[in-house]
Amino acid sequence: MTHRELEAGITTDLKDKLTYTDYLRLDALLDQQRPRSDPPHHDEMLFIIQHQTSELWMKLVIHELDAALAHIRRDELPPVLKILSRVKHIQAQLFNQWAVLETLTPSEYLQFRHVLGPASGFQSHNFRTIEFILNNKNVEMAEVFRHDEPRYRALLAVAARPSIYEEYLAYLARHGHAVPRAVLERDFTRPYVAHEGVVEVFKGIYRAPERAWDAYEMAEKLVDVEEQFSLWRFRHLKTVHRIIGYKRGTGGSSGVPFLRKAVDWLLFPELWDVRTHL
């Protein structure tokens with residue numbers, strides 16, 4: 001078959017009707033890829049689209065995690081399990097995107113890297129918001145947004161509320177698990193510190209999952225999300241190493257050494273510790 005007839009039912013007269021382009025606001029979206037190199041370097045378009053699409057996926061992750069937080073506060077874990085499954089698949093998309101950027105060679109990147117100035121992924125508000133929601137809080141990281149008051153205040157607000165892990169621990173406490181008060185009643189802007197008492201709670205859940213199946217499933221979903229997050233960080237590290245070696249980052253970081261420090265950071269430490277003690 002070399003020709004396919006247009007089906008009779010397909011709408012072709014779209015005058016004054018909502019179109020695909022209108023619904024997705026494609027004119028505005030596809031007008032946002034504006035290389036700064038002069039003349040435009042071919043590979044800068046890849047660099048821009050890679051990061052813009054990552055920001056869109058991260059926006060969706062935040063949208064999903066905000067919904068998950070609301071469900072946990074209402075003691076509704078089953079919907080959270082679905083949401084975290086979706087988040088895991090979004091994370092896989094973010095991970096796989098690095099393969100496209102890795103087609104950018106060091107010599108190609110050097111042709112336009114200078115146009116970035118101090119701009120850096122370190123300044124991604126979406127990424128930092130996700131980190132804070134996922135229990136990796138360091139309010140010093142918000143300083144790069146101080147020049148942008150709305151974003152700065154929004155990030156501090158996320159830091160001041162319980163992370164998804166802390167909301168989960170509060171849920172466990174409401175359902176009869178002996179979560180230590182020191183974990184529940186703390187300054188949530190401070191970095192989370194692992195507590196042996198929380199390990200004991202998870203030992204009980206993992207040894208008898210049939211007694212608290214939703215809590216057990218939630219624990220495993222959180223481990224899924226953290227594992228994907230760690231894989232993303234590692235792929236980011238290797239991509240940066242592959243393209244710029246040990247050069248400093250455009251935002252002023254040490255580059256690869258800075259990224260390496262984050263690879264082994266645990267978001268939900270007791271969920272990993274419990275595996276040793278079972």
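Modeller: Helices here are DSSP runs of H or I with at least four residues, strands are runs of E with at least two, and both are numbered from the N terminus. Asp 16 sits in the segment before α1 (20-24). This is a predicted model, where local features need pLDDT of at least 70, side-chain atom pairs count only at pLDDT 80 or more, and totals for chains, interfaces and linings use all residues. Residues are numbered from 1 along each chain as its sequence is written, and side-chain values use heavy atoms, with hydrogens and water left out.

Biologist: Why does Asp 16 count as exposed?

Modeller: Set its value against the cut-offs: buried means under 20% relative accessible area, exposed over 50%, and partly exposed in between (1.4 Å probe, protein chains only). Asp 16 has 76% relative accessibility, so it counts as exposed.

Biologist: What is the phi of Asp 16?

Modeller: Positive, at about 65°, although Asp 16 is not a glycine. Most residues other than glycine have a negative phi, and most peptide bonds are trans.

Biologist: Where is Asn 135, and is it buried or exposed?

Modeller: Asn 135 lies in the loop between α6 and α7. Its relative accessible area is 4%, so Asn 135 is buried. Its phi is also positive, near 90°, and it is a residue other than glycine.

Biologist: What makes the peptide bond from Asp 38 to Pro 39 cis?

Modeller: Its omega is near 0°. Pro 39 belongs to the loop between α2 (26-29) and α3.

Biologist: On to the helices. Why is α8 called largely enclosed by the rest of the structure?

Modeller: Count its buried residues. Helix α8 (residues 164-174) has eleven residues and nine of them are buried, so the rest of the structure largely encloses it. The buried ones are Ile 164, Tyr 165, Glu 166, Glu 167, Tyr 168, Leu 169, Ala 170, Tyr 171 and Leu 172. Just after α8 comes Gly 176, with a positive phi of about 90°.

Biologist: Why does Arg 174 count as partly exposed?

Modeller: Arg 174 is part of helix α8. Its relative accessibility is 42%, so it counts as partly exposed.

Biologist: What makes Lys 137 buried?

Modeller: Lys 137 is in the loop between α6 and α7 (149-160). Its relative accessibility is 4%, so it counts as buried.

Biologist: Which backbone oxygens lie by a polar atom of the Lys 137 side chain?

Modeller: That of Arg 161 lies 2.4 Å away. That of Phe 188 lies 3.0 Å away. Beyond four places in sequence, the contacts of Lys 137 include Val 158, Glu 166 and Pro 191.

Biologist: How many aromatic pairs does a search of the whole structure find?

Modeller: It finds 13. Rings of Phe, Tyr and Trp (its six-membered ring) pair if their centres lie within 6.5 Å; planes under 30 degrees apart count as stacked, over 60 as edge-to-face and the rest as tilted.

Biologist: Why is the pair of Phe 47 and Phe 112 called edge-to-face?

Modeller: The ring centres are 5.7 Å apart and the planes stand at 65°, so the pair is edge-to-face. Phe 47 lies in helix α3 (residues 44-73) and Phe 112 in the loop between α5 (106-110) and α6 (125-133), so the pair ties together parts that are 65 residues apart in sequence. Both Phe 47 and Phe 112 are buried.

Biologist: Which residues does a cluster of ring pairs link?

Modeller: Tyr 165, Tyr 168, Tyr 192, Phe 202 and Phe 268.

Biologist: How do you know that Arg 275 sits over the ring of Trp 272?

Modeller: A charge sits over a ring if NZ of Lys or CZ of Arg is within 6 Å of the ring centre and within 35 degrees of the ring normal. The charged end of Arg 275 sits over the Trp 272 ring, 5.7 Å from its centre. Arg 235 likewise lies over the face of Phe 95, at 4.9 Å from the ring centre.

Definitions and conventions: Polar contact = N/O pair within 3.5 Å; in protein donor to acceptor, adjacent residues only side chain to side chain. Contact = heavy atoms within 4.5 Å.
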